[in-house]
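Visitor: Hi! Could you walk me through this one?
Guide: Happy to, let's look together.

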Amino acid sequence: MHLTSSFRLLPALALGLLLLPGCYSRKDIKEEGGAETPTEVPPTEAPGAVAPKETTAAAATPAPAGSGPLAQVNVFLEVSGSMEGFMPKTGADASNTRFQQHVAQFLSEVNRSSAARKTFLRIKEKPYRDSYQQLSQTVRGGIQQPASSTDIPTVLDTLVANYYAPNSVSVLISDFIYSPKNAGAIPYISTDITDALNRAQRPDLAVSVYGYSSDFRGTYYPALKTAMKRINSCCDTDIPYYFWVIGPADAVRRFDTALLEKQPAQQAHFGVTYPVPTSSLLSRFQNVGSWYYGEKDASKRAAGATYHTVAVSSVSAKEPVEFVVGLDLKQLPGLFRDVKYLKPNLQLQAQDTDAKIIDVFAANDQTKNSSGAESQYTHFVKVRVTKLGKAARPLQLVLKNQRPAWVGQWTTKNDSNINQVGAKTFALSSLLDGVEAVTTSGQEKAPVFTIPLTLQPAD
Amino acid sequence: MKGFFRFIYELIGSPQPPSETPVYREVIFPNVGLLTIGLSLAMVLIFYYLINRAMGVATFNKVRHWVTFLVINALLAFIIGIWQANSQAVASHSYIYWMSTWNAILGLFWFFLFSVILKRGSTNASTTPF
Amino acid sequence: MAKLFIFGIGGTGSRVIRSLTMLLASGVKLANCDRVVPIIIDPDAHNGDMNRTVDMLKSYQQIYQRLGKRDEGFFQTDISTLSSISADNNGGVKDTFVFDFGGINQSFRQYLSYDQLSVDSKGLVELLFTQDNLESPLTIGFRGSPNVGSIVLNKVVESPEIRFFADNFQAGDRVFFISSIFGGTGAAGFPLLLKNLKDQNTRLSNARYLRDALTGAVTVMPYFALQSEDNSIIDSNSFLTKTKAALSYYEHNLQGLDALYYLADTPDTPYENQPGGTAQRNKAHLIELLAALSVVDFMQYSDAELRNGGPHFHEYGLGVDTQELNFSHLPDESRELVAKNLTQLLYFSRYHKQHLPTDKAPYFDNLNLDHALRNEPIFKELNNFLHSPEYGVDEWLKELAQNRRAFRPFDLTTDDFNAMIAGKPVEKKWNDFFNKGLSQNYFLNQLNDAAKSVQEPDNFKKLVALFDRVTDKAFEEKVKVV
C-alpha cells in the first residue's frame with residue numbers, strides 16, 4: 001500500500017510525455033500538404049501577351065530524348081577559293097593562320113567528342129565525304145584544289161534536306177560571303193536564305209551562329225564585285241568566318257554546350273530553346289519591405305526549394321518592396337549570361353503594378369560563399385514594387401532573344417574595299433534575317449526563357 | 001487550427017522580419033501554440049491531479065502555490081517561444097521576444113482557463129484559486 | 001423501540017454519566033436500545049460534577065438532534081431527557097436531566113418536623129441521627145450520610161418525575177443504576193429506588209413492566225480518599241466501614257436486579273475534601289470510565305442471557321497494576337470496545353481545534369465553514385462539546401490523565417498525530433517519501449476527498465460524517481491496532 005503512492009506519479013508523467021510530440025514540424029506540414037513538392041508555377045502568360053509559340057512548345061517536348069551523346073555530328077568545311085586565304089598552302093615561313101589553328105583544333109575536338117557518329121565533309125559544289133585525317137590535313141596543309149564559289153543557299157538547302165536528323169547537328173564552317181548574281185538580287189538575300197532553310201520544313205530547326213575572325217593570306221573575293229572582282233594578296237585586316245550549327249533545337253543546344261561554349265566567340269542563336277533556368281525568390285538577400293514567400297509550403301524551406309510567389313503585406317511609395325530573384329543561368333550560352341546582354345533584355349511583364357527591374361548583377365564571391373540560398377544562383381535580378389493589384393497577378397521575368405549588337409557591327413554593305421572596311425562580312429545581318437525568319441514562325445521571336453512569378457497581396 | 005493560432009499570435013502584429021512570415025504562420029505559431037497549451041494543461045494536471053490528488057498532498061493548494069505554477073508556466077511558455085523560433089532558424093529579430101512574451105501571457109491565460117475547467121476534479125485544490 | 005433509563009445517583013452518578021456520554025459521543029455502540037434517558041438524582045443542586053454533566057448532556061442532545069438517527073459514528077446514540085420521551089406531559093416534569101427535588105432548602109431537622117414529633121419519636125431520631133445530621137442543610141446533599149439520604153429519597157418515589165417515568169415505561173425498556181456505595185446519596189438512593197420500582201404493591205403504573213424490566217446496576221466502591229480535615233463532615237476513613245455495612249445490606253435486599261457490577265480501587269492521592277456544592281467537582285477518573293463501560297456491557301447481553309441464571313455479578317480487573325494506564329494495559333475486551341472510538345474522538349477533537357479553523361481547503365469551502373463556525377449555533381455547540389474547559393472532551397481526557405490512577409492512552413501534549421497514542425506511534429516507512437503517517441496533510445487530503453464523495457446537504461451533518469469517515473480511515477490505515 002505504501003509503495004503505490006510513488007507509482008501514482010507514473011500516469012501523470014506518461015500523460016506529459018504524450019503531449020510533447022504533439023507539435024508541428026516541417027515534416028508534418030509536408031505530409032499535411034498532400035505531399036506537395038515545390039512545383040514551378042505553371043507558366044502563365046500575361047493576358048496581353050501573345051499565345052505561346054508552337055515552336056517553343058514543340059521544341060520543349062523532345063528535351064528528354066536529348067540526353068546522352070548526340071547521334072551524329074557532321075562537320076562541313078567550305079573549300080572554295082574564297083577560303084584559300086584562311087588555309088593558305090604551307091609557306092616557307094611555315095606560318096599558319098588563326099583559322100587553321102582554330103578549325104584544326106575544333107575538328108579534333110569533334111573527333112574526340114562523345115557523339116555516336118562523326119562525319120567530316122568538304123563542300124565544293126556539293127558535299128564530299130572525307131575522313132577526319134583528310135579534312136584536318138586540308139585545314140593544315142591548305143586547299144589543294146579550290147572549288148568554284150559555293151552558293152550558300154544551296155549548301156544550306158542540302159544540309160537541311162539531307163543531313164537533318166533528330167539528335168544530330170551539322171556544323172558549317174565558312175566565311176559566309178554570299179555573292180548574289182547581280183546587284184538587283186541583294187534585297188532578296190534574306191529571302192533566299194529563308195527559302196533554302198525552309199524547303200525541308202523542319203519544325204524545330206535551330207541555328208547557332210558563332211563568329212570568329214582570322215588573319216587571311218590570299219585572294220579575297222568580295223561579294224560585291226562592282227569595284228573589283230578580287231583583291232589579291234589580301235588582307236591587311238582580319239576576315240570573319242563562322243560556324244553555323246544547324247539541327248533540331250535540342251541537339252543544337254547540346255552541341256553548343258558541349259563544344260562551343262568554351263571558345264570565346266560572338267554568338268547568335270536562332271530557334272534554339274533552353275530549359276527554363278532554375279530560379280527562386282530570395283527572401284533573405286537584399287530584401288526590402290514587408291513581403292514573404294506566398295507559397296503554401298514556403299515554411300518548409302526544403303533544401304533546393306524554389307519560390308516564385310511574392311506576398312506583399314504592405315507597400316507604398318515610401319516603403320517600397322524590393323525582392324531579388326536568383327537565376328541559375330549555367331545552362332545558357334555565354335551570350336545570355338552576359339550582364340551586358342541581360343541588363344537591356346531582361347524584362348518584367350506585369351499588371352496592376354509598377355514592379356520594375358532595378359538591378360541585374362552576377363554572382364560574386366560574397367554570394368557564392370554565402371550560406372544562404374543565394375549561393376546557388378549565378379545571377380540576380382532585383383525588382384522594386386511600390387504598388388500592386390488587389391489580388392494575385394502574374395509577373396513574368398522574360399529574357400528576350402535580341403539579336404546581339406555584334407551582328408550589326410560585323411556587317412558591311414560593301415566589302416570590295418575590305419582592307420578599309422575591316423573585319424566585316426557582306427550582308428551578314430541579311431543572312432541572319434533569313435535564318436531568323438525560318439526559326440521564328442510568328443511576329444515575335446521566342447524569348448530565351450520566361451520565369452513566371454506571382455505578385456499578390458498578403459492574405 | 002493554423003488559422004486559429006495565426007489569429008491569436010498576430011494579435012500583437014505581423015511577424016518580423018516579414019520574410020519569415022510563412023515559417024511563423026505555418027510552423028512556429030502552431031508549434032508554440034500547441035506546446036503552450038500542452039504545457040499549460042500538463043501544469044494544471046500536475047497541480048490539480050498529480051500533487052493535489054494522486055499524491056495526496058493537501059497543503060499545496062493555496063493561491064500562492066497556484067500562482068507559483070502560473071508563473072512557472074508563463075516562464076516556460078516564454079522559453080518555448082524562444083526555443084521554437086530558434087530551432088526554426090528564423091532571422092533574429094526583437095519580434096522573437098515580443099512573440100515569446102505574448103506567448104507567456106497566453107500561457108497565463110491557458111493555465112487559468114484549464115484551472116477553471118479542471119479544478120473540480122481535484123481533491124485538495126478544487127477551490128483554488130477561488 | 002427500547003429505551004435505557006439510567007439513574008445516576010449522587011456525585012458518582014453524574015461523573016459516570018459524563019464518561020458514558022463521552023463514550024457515546026465517540027461512537028461506542030450501545031446495543032439493544034435506541035435511546036438513553038439519564039436521570040440524575042442528586043439533591044445538591046449546585047454540585048459541580050452534576051452541573052457540568054448536565055451541561056454536557058444538553059450539548060450532546062443538541063448535537064444529536066441536529067444529526068438525527070444514524071447507525072454509526074460519533075453521537076449515534078440518542079440521549080433524551082425524561083420529559084422528552086413522551087408528548088403526554090402535563091407540565092409537571094421539567095425538561096431536564098436532573099431529578100427535581102423542588103427546593104429542599106431546609107435542614108434535616110426541619111425536614112423531619114423534629115420539633116413536632118412526639119418525645120418517643122424524638123428519641124428514635126436522636127438514636128439514628130447525629131446532631132450534625134439533623135442540623136445540616138439538605139441543599140448540599142447528604143454528605144456521605146446514607147441514614148439521612150434514605151429518609152429523604154424515599155419521597156422521590158412519589159414525585160411527578162417517577163410517576164411520569166412509570167407511565168411511559170414500556171416492555172423491553174431497561175433500567176440501570178449508578179451509585180457509589182460509600183457516599184451519602186448513592187448508597188442510600190440505589191436500594192431505595194430499586195425497592196420502590198420493583199415493589200409488588202407499588203402504586204406506580206406499568207408496575208408489571210417495571211417488575212419485569214431488565215435491571216442492572218454498578219456500584220462503585222471506594223477508589224479515592226479525601227484529605228483529612230478535623231472538622232469535616234465526610235471522613236474517608238469511614239468509607240470502608242460504610243462500604244462493609246452497605247454490602248451486608250445489599251446481600252439480602254437487592255431484589256429484582258439482573259446484573260450487578262462491582263468496581264473498586266485502592267485509593268492513592270487524596271482528593272480535596274469538598275462535601276458538596278459547586279466546589280465538588282472531581283477530576284474524571286478511570287473508575288468512572290470503567291463504570292460507564294459496565295453500562296455498555298450490560299446492554300450487550302441479550303434479554304435471554306440476562307434472565308437466565310441471574311442475577312449476574314461482575315467485577316473488573318486490569319491487565320497490569322500500574323499507576324499510569326494506556327490502552328495496552330486494558331484487558332482485550334475493554335480495549336476493543338473503546339480504543340478505536342476514543343482515538344477517533346481524540347483525532348476529531350484535536351484536528352477540530354488545531355487545524356480546522358485555519359484550513360483553507362475545498363472541504364472547508366464546501367461546508368461553508370467560514371460562515372458556519374462563526375455564526376451557526378450548532379457549530380458552536382460542537383465546539384463546546386469538544387473543547388469546553390468545563391465539560392469538553394479535551395478536558396475529560398486531560399482529567400483522566402492527571403488523576404490517580406491515571407488513564408493516559410494519549411499523549412495530549414503533542415501536536416503530532418503520529419505520536420498521540422501512547423506507546424503506539426504510527427509507523428512511518430523510511431523508504432516512502434510521501435507517507436508521512438498521520439500528518440495534517442493526511443487528514444486534509446482525506447477530508448477533501450470525503451467532502452467530494454459524501455452527499456449530504458446539511459453542512460453540520462456532513463462535517464461530522466467527514467470526521468467519522470476520516471478518523472475511521474486514519475485508524476484503520478495508519479494505527480491498525482493498539
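**Strands and helices**

Visitor: In β20(A), which residue is the bridge partner of Ala311(A)?
Guide: That is Gln456(A). This is a predicted model, where local features need pLDDT of at least 70 and side-chain atom pairs count only at pLDDT 80 or more, while totals for chains, interfaces and linings use all residues. Residues are numbered from 1 along each chain as its sequence is written, and chains are lettered from A and ligands numbered from 1 in the order in which they are written.

Visitor: How many bridges join β12 to β20 of chain A?
Guide: There are 4 bridges between β12 (residues 309–314) and β20 (residues 449–457) of chain A, and these strands run parallel. Strands are DSSP runs of E with at least two residues, helices are runs of H or I with at least four, and both are numbered from the N terminus. Two strands pair if DSSP finds at least two bridges between them.

Visitor: What sheet are they in, and what is its order?
Guide: An open sheet of 5 strands with mixed pairing, in the order β11-β12-β20-β17-β14 (chain A). Its edge strands, β11 (290–293) and β14 (346–350) of chain A, each pair on one side only.

Visitor: New topic: what is the order of the sheet of 7 strands?
Guide: In chain A the order is β3-β2-β1-β4-β8-β5-β9, again an open sheet with mixed pairing. β3 (127–130) and β9 (266–270) of chain A each have a single partner strand, so one side of each has no neighbour in the sheet.

Visitor: Do β5 and β8 of chain A run parallel or antiparallel?
Guide: Antiparallel, with 10 bridges joining β5 (residues 205–214) to β8 (residues 239–248) of chain A. Val209(A) stands opposite Trp244(A) in β8(A).

Visitor: Now helices! Which strands does α6 of chain A touch?
Guide: Helix α6 (residues 132–141) packs on the sheet and touches β1, β2 and β3 of chain A. Here, contact has residues' C-beta atoms, placed from the backbone, within 7 Å.

Visitor: And how do α5(A) and α6(A) cross?
Guide: Their axes come within 9 Å and cross at roughly 170°. Axes are lines fitted to C-alpha atoms, for helices over the stretch in contact, with angles from 0 to 180 degrees between N-to-C directions. The two helices are therefore roughly antiparallel, a term for angles over 145 degrees.

Visitor: Which residues of α5(A) meet α6(A)?
Guide: Among them are Val103(A) and Leu107(A), and the α6(A) residues they face as a group include Leu135(A) and Val139(A).

Key. Two residues are in contact if their C-beta atoms, placed from the backbone, lie within 7 Å. Angles under 35 degrees count as roughly parallel, over 145 as roughly antiparallel, 65 to 115 as roughly perpendicular and the rest as oblique.
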